[in-house]
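Dear colleague,

Please find below the structure that I am handing over to you.

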Amino acid sequence: MAVYTEVSDDELARFIDGYALGRLLSFKGIAEGVENTNYLVHTTDGTFILTLYEKRVDPADLPFFLGLMEHLSAAGVTCPLPVRDKSGRVLNELAGRQAALITFLEGVWPKRPKVVHALELGKALARMHIAGEGFPLKRANALGLAGWRPLFDKFSSRTEEICDGLHDLIADELRYLERSWPKDLPQGVIHADLFPDNVFFVEDGLSGIIDFYFACNDAFAYDIAVCLNAWCFDAKSQYEPQKGAALLAGYNSVRPLTDAERAAMPVLARGAAMRFLLTRSYDWLNTPKDALVARKDPADYVRRLKFHQSVGSIADYTAQLTS
Ligand SMILES: Nc1ncnc2c1ncn2[C@@H]1O[C@H](COP(=O)(O)OP(=O)(O)OP(=O)(O)O)[C@@H](O)[C@H]1O
Ligand SMILES: N[C@@H](CCO)C(=O)O
């Protein structure tokens, strides 16, 4: 359960008094998520999500994340909107953390994504990339290529606590990625963590996107690669080409991929696997045993990475298997 910071009834009632949202009725911690503390909050005016920002969020980045939600929402993307307090601020302090209230989105995230979900996701991702144009703030990808080796250095001496062979798998792959990473792909604002638990559906229609706390400026196609890994493999980490094809087709129907983006997809898929293998491995080793949070298994991303290494081109592979 991702409630790292407890908030008392009185503290929260005082906090809510700062907003024009009526009176606090009830609140409860949200079990899902691993990054930040989230509470579901009911007031006499409605339902909201309260987020207290934890370890990986640099407070200096919060204006980017919250401003982006406002920008995307104004451009037609259904995403949470930060709520302004009585003095117009979106950020406040609560229980020693930076905190914000955001609007509640209806819908549920798909526990077992279907082909139709991947298709809708592809379209929504492309629309989000287009909607991000004109957002004036910039944020480098802290978990992009330049951030991977320093993160590996923090736990490289302990990889055998996760699985045999992990050290060399990561070390060799980092060398490959540093040599091969594409430099001139179309760039803009990307979500960078668009896993199924961050996308809500009502029946088969996509109803909203949440959790912009890794958003940054980077290659659009890298965002697609993150989604390929997160949405198009089954519970045993077997690639599901129909879902991969649907994701790419949905995306392409809104924002056609360039030849360079298509050509780069295999290396981007390997990089996207590396990014989550690194953060999951780090968290696996550093999350206290008694923490109320479900650690995500690095092994799923070992398998994805090995799959990408073995097939060469995921885009060709998808095309072959679905034609
Ligand atoms: N605006 C929202 N509307 C409805 N539910 C929300 C909203 N924001 C968050 N939630 C709920 O809270 C959960 C955790 O939120 P979120 O994904 O932002 O947390 P996180 O700790 O940053 O998670 P992650 O591990 O995905 O990075 C979501 O799965 C969802 O159930
Ligand atoms: N989406 C991430 C966790 C949140 O950063 C993962 O599945 O590893």
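The protein has 323 residues and a radius of gyration of 20 Å, which agrees with the value near 20 Å that a compact globule of this length would have. Please bear in mind that this is a predicted model.

**Overall form**

Taken along the principal axes, the C-alpha atoms fill a box of roughly 55 × 45 × 35 Å. The secondary structure of the protein consists of 10 helices and nine strands. Of the 323 residues, 39% count as buried. Among contacts between residues at least 6 apart in sequence, 73% join residues that are at least 24 apart.

**Domains and annotation**

The chain is divided into domain 1, covering 9-103, and domain 2, covering 115-322. Their C-alpha centres are 27 Å apart. Where the two meet, 20 residues of domain 1 are in contact with 18 residues of domain 2. On the domain 1 side of this contact, 12 residues are nonpolar, five are polar and three are charged.

An unreviewed UniProt entry lists residues 27-257 as "domain: Aminoglycoside phosphotransferase". In the model, this span is 35% helix and 19% strand, and its end C-alpha atoms lie 44 Å apart.

**The two ligands**

Around ligand 2, the residues are Val34, Glu35, Asp193, Phe195, Phe276, Thr279, Arg280 and Lys296. This shell divides into three nonpolar residues, one polar residue and four charged residues.

**Individual residues**

Phenylalanine 214 is found in the loop between strand E8 (205-209) and strand E9 (216-219). Is this residue, phenylalanine 214, buried or exposed? Phenylalanine 214 counts as buried, because 23 C-beta neighbours lie inside 10 Å, and the cut-off for a buried residue is 20 or more. Leaving aside neighbours within four places in sequence, phenylalanine 214 is in contact with Leu143, Ala192 and Asp193. One of these, leucine 143, is 71 residues away along the chain, yet the two C-alpha atoms are separated by 8.3 Å.

Alanine 95 lies in the loop between strand E4 (92-94) and strand E5 (97-103). Although alanine 95 is not a glycine, its phi is positive, at about 50°. With 14 other C-beta atoms within 10 Å, alanine 95 is partly exposed.

Glutamate 203 lies in the loop between strand E7 (199-202) and E8. Glutamate 203 likewise has a positive phi of about 50° and is not a glycine. Here 8 other C-beta atoms lie within 10 Å, and glutamate 203 is therefore exposed.

With kind regards

Key. Residues numbered from 1 in each chain as written. Chains lettered and ligands numbered in written order. Predicted model: local features only at pLDDT ≥ 70, side-chain atom pairs only at ≥ 80, totals over all residues. Near = placed C-beta within 6 Å. Nonpolar A, V, L, I, M, F, W, Y, C, P; charged D, E, K, R; others polar. UniProt positions renumbered as here; feature names shortened; annotations may be inferred. Helix = DSSP H or I, 4+ residues; strand = E, 2+ residues; numbered from the N terminus. Rg over C-alpha atoms; globule rule 2.2 N^0.38 Å. Buried ≥ 20, exposed ≤ 12 C-beta atoms within 10 Å, placed from the backbone. Contact = placed C-beta atoms within 7 Å. Domains from an automatic or database assignment.
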